Amino acid sequence: SFELYIQVPCGVPSNVVAITIAPTSINVSWDQLLNTSSDGAIIAYEVRYSWPLGNGQSGSIYVNTSGASNQLVLNRLQECVQYNISVRAYTSQGPGPFSGGVLDSSF
């Protein structure tokens with residue numbers, strides 16, 4: 001018999017792009033993870049966005065996509081703040097590593 005072992009993804013989403021679309025909104029998109037680096041069916045993606053708080057500290061918020069969508073709009077952001085944005089994929093076994101961060105600023 002043949003058994004399929006699903007694992008957490010070993011690869012990271014590529015071509016992460018962040019574009020400011022309004023004073024407090026950024027559209028984030030990425031290429032979906034290839035089957036060869038997903039180790040199972042992708043069930044969702046998670047976007048992490050971080051910003052500096054001062055004194056070497058930063059704040060972070062994590063937002064999950066609905067299903068395996070490869071796009072998400074971040075809303076209710078602070079104006080004139082630079083955000084560090086990264087993405088990771090999930091299988092039924094959990095999350096993989098985050099992509100390298102991209103920077104974008106709200107207006």
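Is Tyr83 buried or exposed? At 3% relative accessibility, Tyr83 counts as buried. The structure is a predicted model of a protein with eight strands and zero helices. Tyr83 belongs to an aromatic cluster with Tyr49 and Trp51, and strand 6, where Tyr83 lies, is linked to strand 3 through the pair of Tyr49 and Tyr83. The points below proceed from the overall architecture to individual side chains and backbone angles.

**Overall architecture**

- Read along the sequence, the secondary structure follows the pattern β-β-β-β-β-β-β-β.
- Taken along the principal axes, the C-alpha atoms fill a box of roughly 60 × 30 × 20 Å.
- The protein has 107 residues, of which 39% count as buried.
- Among contacts between residues at least 6 apart in sequence, 63% join residues at least 24 apart.
- The accessible surface comes to about 6200 Å², and carbon and sulfur atoms account for 50% of that area.

**Aromatic pairs and a ring–charge arrangement**

- A search of the whole structure finds five aromatic pairs.
- One of these is formed by Tyr49 and Tyr83, whose ring centres lie 5.8 Å apart with 65 degrees between the planes. The pair counts as edge-to-face because the angle between its planes is over 60 degrees.
- Tyr49 is in strand 3 (residues 44-54) and Tyr83 is in strand 6 (residues 82-91), so that the pair links parts of the chain 34 residues apart.
- Tyr49 is buried, with a relative accessible area of 7%, and Tyr83 is likewise buried, at 3% relative accessibility.
- Ring pairs also bring Trp51 into a cluster with Tyr49 and Tyr83.
- Separately, Arg48 lies over the face of Phe98, at 3.9 Å from the ring centre.

- The structure contains one salt bridge.
- This salt bridge joins the side chains of Glu46 and Arg88, with an N to O distance of 2.7 Å.
- Glu46 lies in strand 3 and Arg88 in strand 6, and the two residues are 42 positions apart in the chain.
- Both partners count as buried because their relative accessible areas fall under 20%: the value is 8% for Glu46 and 17% for Arg88.

- Ser25 is found in strand 2 (residues 25-31).
- At 8% relative accessibility, Ser25 counts as buried.
- The side chain of Ser25 makes a polar contact of 2.8 Å with the side chain of Asn75.
- Leaving aside residues up to four places away in sequence, Ser25 touches Ile19, Thr20, Val73, Leu74, Asn75 and Leu77.

- Most residues other than glycine have a negative phi.
- Asn15 has a positive phi, near 50 degrees. Asn15 lies in strand 1 (residues 14-22) and counts as exposed, at 53% relative accessibility.
- Asn55 also has a positive phi, near 55 degrees. Its place is in the loop between strand 3 and strand 4 (57-64), and at 80% relative accessibility Asn55 counts as exposed.

Key
Residues are numbered from 1 along each chain as its sequence is written. This is a predicted model: local features need pLDDT of at least 70, side-chain atom pairs count only at pLDDT 80 or more; totals for chains, interfaces and linings use all residues. Side-chain values use heavy atoms; hydrogens and water are left out. Helices (H or I, at least four residues) and strands (E, at least two) are DSSP runs, numbered from the N terminus. Buried means under 20% relative accessible area, exposed over 50%, partly exposed in between (1.4 Å probe, protein chains only). A polar contact is a pair of N or O atoms within 3.5 Å; within protein, one must be able to donate a hydrogen and the other to accept it, and residues adjacent in sequence count only if both atoms are side-chain atoms. Contact means heavy atoms within 4.5 Å. Rings of Phe, Tyr and Trp (its six-membered ring) pair if their centres lie within 6.5 Å; planes under 30 degrees apart count as stacked, over 60 as edge-to-face and the rest as tilted. A charge sits over a ring if NZ of Lys or CZ of Arg is within 6 Å of the ring centre and within 35 degrees of the ring normal. Accessible areas come from the Shrake-Rupley method with a 1.4 Å probe; for residues, only the protein chains shown count as cover. A salt bridge is a side-chain nitrogen of Lys or Arg within 4 Å of a carboxyl oxygen of Asp or Glu.
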